Amino acid sequence: MQTGYTVEQLRSAATDAIRAPSLHNVQPWRFRLRDGGIEVLVDPTRQLPATDPSGWGARVACGAALFNLRLALATAGAPATVRLRPDPAKPDVLARLLPDLPRRPTPAEQNLHAAIPRRFSNRAPFWPDPVPADARWRFGAAARTEHCWLKLLIGVSAVNAFAEIAHGAHRVLERDPAYRAEREAWVRAEHASDGIPAAAGGPLAEPQDLLPSRGFGGVRRAPGRDFEPEPLVGVLGSAGNTAVDQVVAGQALQRMLLTATDAGLSVSMLSQPIEVPSARERLRMSLGRFGTPQMVMRIGYGQPGGPAPRRPLDEVLDLPVHLA
């Protein structure tokens, strides 16, 4: 059995890990090779002080990157055992991975791994085609596999009730000038390695929209291109809301996103009702679930697009000096 990971294995797996989603595409992760193990760290210099003051979003994003890392190692025949928050004295170290017994990857792992470069957030209107029942079942199974729960909001009354909570949270956030300034600072009019490209920001919000959207520099939509009147909305939740719970939720989120991509579906995320504590609690109460909502997703069929840019790999790797 392999006793430790190599620089080559870290570089290969991290190439997939950095394809994970993050708030405003800030990419708040680092990957370190130490004593034969791979560590996933949150980068405090990339936390959003106005949008994500608690660091919840950064830890969820790092959890999503951790899932990609696990998947890449497994498909390379070098699966990992994972320990979350291995050292309480080092809270920035969110996970440590060590080699497990070698094995062949499963077909499910191979399919999800193949979906990594095809996954992206789609902020445009979706087509009216309904999401099939078997795909909905797969989403729930993906959440459960990663020790989380998923509630799909189906029907006009359920979606309208959620929309009221989401719009309320959106209004609270938009009243904060620091929040607005921070969002605008991460919109990229020209090519960049991070942030939200203006062309991928989705159309501008209009009064008839059922769900709120952030203003990422989009353009007005063409006539007849309204958002779907009855979207499929999913709420992903975890047992608690500790730092470990948030990393776990990030892994579940990424498994769900890749599952959707593998099924030919698009997803956009609505985190406004998660970012406002009172709205998050109201959402939890409306679902009648124990635990904590960690992310909200809009799921459907959409026009193909492309992933957001990523920082160069060497910017997020910490290697031993003699190996760098």
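Okay, a definition before anything else: on a 1 Å grid over the protein atoms alone, a cavity is a set of points where a 1.4 Å probe fits but cannot get out, and its lining residues have an atom within 4 Å of a point. Grid points are joined across faces, edges and corners, and the volume is the space filled by probe spheres set on the points.

Quick caveats. This is a predicted model, where local features need pLDDT of at least 70 and side-chain atom pairs count only at pLDDT 80 or more, while totals for chains, interfaces and linings use all residues. Residues are numbered from 1 along each chain as its sequence is written, and side-chain values use heavy atoms, with hydrogens and water left out.

So, how many cavities of 30 Å³ or more do we get? The count is 1, and about 50 Å³ of space lies in the largest cavity. Its lining includes Ser22, Leu23, Pro28, Arg46 and Asp52. By class that lining has 6 nonpolar, 3 polar and 2 charged residues; here Ala, Val, Leu, Ile, Met, Phe, Trp, Tyr, Cys and Pro are nonpolar, Asp, Glu, Lys and Arg are charged, and the others, Gly among them, are polar.

On to the sheets. Helices (H or I, at least four residues) and strands (E, at least two) are DSSP runs numbered from the N terminus, and two strands pair if DSSP finds at least two bridges between them. Strand E1 (residues 29–34) runs parallel to E11, joined by 2 bridges, and Phe31 stands opposite Leu317 in E11.

The other open sheet has 4 strands, ordered E5-E8-E10-E9, and the pairing is antiparallel. At its edges sit E5 (149–153) and E9 (266–269). E5 pairs with strand E8 (residues 232–238) over 5 bridges, and Leu153 stands opposite Val233 in E8.

H5 (residues 156–174) and H9 (residues 277–287) pack at an angle of about 170 degrees, axes 10 Å apart. Axes are lines fitted to C-alpha atoms, for helices over the stretch in contact, and angles run from 0 to 180 degrees between N-to-C directions. That makes H5 roughly antiparallel to H9, the label for angles over 145 degrees. With contact meaning heavy atoms within 4.5 Å, Phe162, Glu164, Ile165 and Ala169 in H5 meet Ala279, Arg282, Leu283 and Ser286 in H9. Those residues divide into 5 nonpolar, 1 polar and 2 charged. H9 also lies across E5, E8 and strand E10 (292–300), at about 75 degrees to E10.

How values were computed
Parallel < 35°, antiparallel > 145°, perpendicular 65-115°, else oblique. 1 Å grid on protein atoms, 1.4 Å probe; cavity = no way out; pocket = protein on both sides within 12 Å on 5 of 7 lines; lining within 4 Å.
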